[in-house]
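Okay, thanks everyone, let's get going.

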Amino acid sequence: MNQKTTQRLTALRNIMTENEIDLIAVGPGAHMTWLLGFHPHPDERPCLLLISRQGQTILMPALNAQGSRQQTDIAFNEWDDADGPTHALTAALKDIGANNSKVVVLDESMRADFALLLLDALPGAAHAFTENSVGVLRMRKADDEFQQLKMNAGLADEAMQAAFTALRPGMREAELAEIIADSFAAQGADPLFRIVGAGPNGAYPHHQTGDTVIKSGDAIVIDIGARKGVFSSDITRMAVIGEPPRDYEKVHEIVEAAVQAAMKAARPGVLARVVDAAARNVIAEAGFAEYFVHRTGHGMGVEGHEPPYITSTSDTVLDVGMVFSIEPGIYLPGRFGIRLEDIVILREDGPEIFSQLPRTAHMIAG
């Protein structure tokens, strides 16, 4: 195993000992990628990274074994289509001393049939999800993870600037989205999403970018992200063509004040819901409470949306090294929407913003 995997498994086992967890089972996906640096091809064939306090193994479909062996030296318990996975799973659990596990943690994103296969092999075992084990570790980013996230944020800044440069009346939303995708691709990143919401479309937080023609007087929400390496980016900025819509400047100022309030509230030891409340209170006091229709933020790392979630009900205690978005918004049906989003990493003295782009609207002559 490489040093990073060894360190992460050691930290995970410390949590397992503290919480009397006998077994953690992880399917192909984000948790496995974070722990091992890769995951095998995800399909219907049961594949599980099994971690006990004594050892680890991978229940591995024989079809994927040779290719996966190039990525890790962790022991495999292989099975083929002719025999099925049951006997290999029984052997895997015995090999790592987990065949009598009483407390099992399941990867919440694994296929349900994988989970049931494992639980059937451990009748009577209590089970929980990874929130208090793998999830705890993933929320706190190491310096190398920060550097990769920061690099991706720089690529998103470049793509946003490309959008601002190209934006003009008469373009379709999809044309602008394609320019953003081309900028990411030219920088070696895989585009993940490009929300371009012009005029009234901006009032839909997750607008499906389409053939709407951008015209003078439109306020435009631009929310973009891409992945280079394991990590990705996410940023939202505003552009306005020509004369801004009525009340635009006022609403933009309110959303910016909400961002700043959330930034001020975000400190180590603070509950995530306190940060959400700080942003939400600014918008409510300005009379727009009903138009802020989503949470204030989400974590980001291997996945574009992961803990911590900055919601009105979250009791997650924020800590140094956590990475999350701060993205309040106001959405006025039939008129326009405004969302301002920055990804931050929490330091001892508060949030450090990844992006170098100002949150002021980019103004374009109409």
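Predicted model: local features only at pLDDT ≥ 70, side-chain atom pairs only at ≥ 80, totals over all residues.

Two packed helices are described by the angle between their axes and the distance between the axes. Let's take the pair α4 and α5. Helix α4 covers residues 86-95 and helix α5 covers residues 112-121, and their axes come within 10 Å of each other, crossing at roughly 60°. That angle is why α4 counts as oblique to α5. As for the hand, α4 and α5 cross in a right-handed way. Who's actually touching? From α4 you've got T86, L89 and L93, and from α5 it's L117, L118 and A121. Sort the residues of that α4–α5 contact by class and you get five nonpolar, one polar and no charged.

Now the other pair, α9 and α10. Helix α9 is residues 248-265, helix α10 is residues 272-285, and they pack at about 155° with the axes 8 Å apart. Anything over 145 degrees goes down as roughly antiparallel, so that's the label for α9 and α10. The crossing of α9 past α10 is right-handed. On the α9 side the contact residues are I254, A257, A258, A261, A262 and A265, and they meet V274, V275, A278, A279, V282 and I283 of α10. By class, that contact between α9 and α10 comes out as twelve nonpolar, no polar and no charged residues.

Okay, back to α5. Which of its residues are buried? Those are F114, A115 and L118. Looking down the axis of α5, the buried residues sit within an arc of 95°, so they line one face of the helix. L118, by the way, turns up both among the buried residues of α5 and in the contact with α4.

T5 is in helix α1, which runs over residues 3-18. T5 has a relative accessibility of 5%, so it counts as buried. If you skip residues up to four places away in sequence, T5 touches L35 and L36.

Then there's A62, in helix α3, residues 62-69. A62 has a relative accessible area of 33%, so we call it partly exposed. Again leaving out neighbours within four places in sequence, A62 is in contact with E78, W79 and D80.

Last one is G97. Where does it sit? G97 is in the loop between α4 and β5. Its relative accessible area is 48%, which means G97 is partly exposed. Going from G97 to A279, you're 182 residues apart in sequence and 49 Å apart in space, C-alpha to C-alpha. And A279, remember, is one of the α10 residues that meet α9.

That's my tour, so over to you.

Conventions:
Residues numbered from 1 in each chain as written. Heavy atoms only, no water. Axes fitted to C-alpha atoms, helices over the stretch in contact; angles between N-to-C directions. Helix = DSSP H or I, 4+ residues; strand = E, 2+ residues; numbered from the N terminus. Parallel < 35°, antiparallel > 145°, perpendicular 65-115°, else oblique. Left-handed = near helix turned anticlockwise from the far one by under 90°. Contact = heavy atoms within 4.5 Å. Nonpolar A, V, L, I, M, F, W, Y, C, P; charged D, E, K, R; others polar. Buried < 20%, exposed > 50% of the residue type's maximum accessible area, 1.4 Å probe, protein only. Arc of directions from axis to C-beta.
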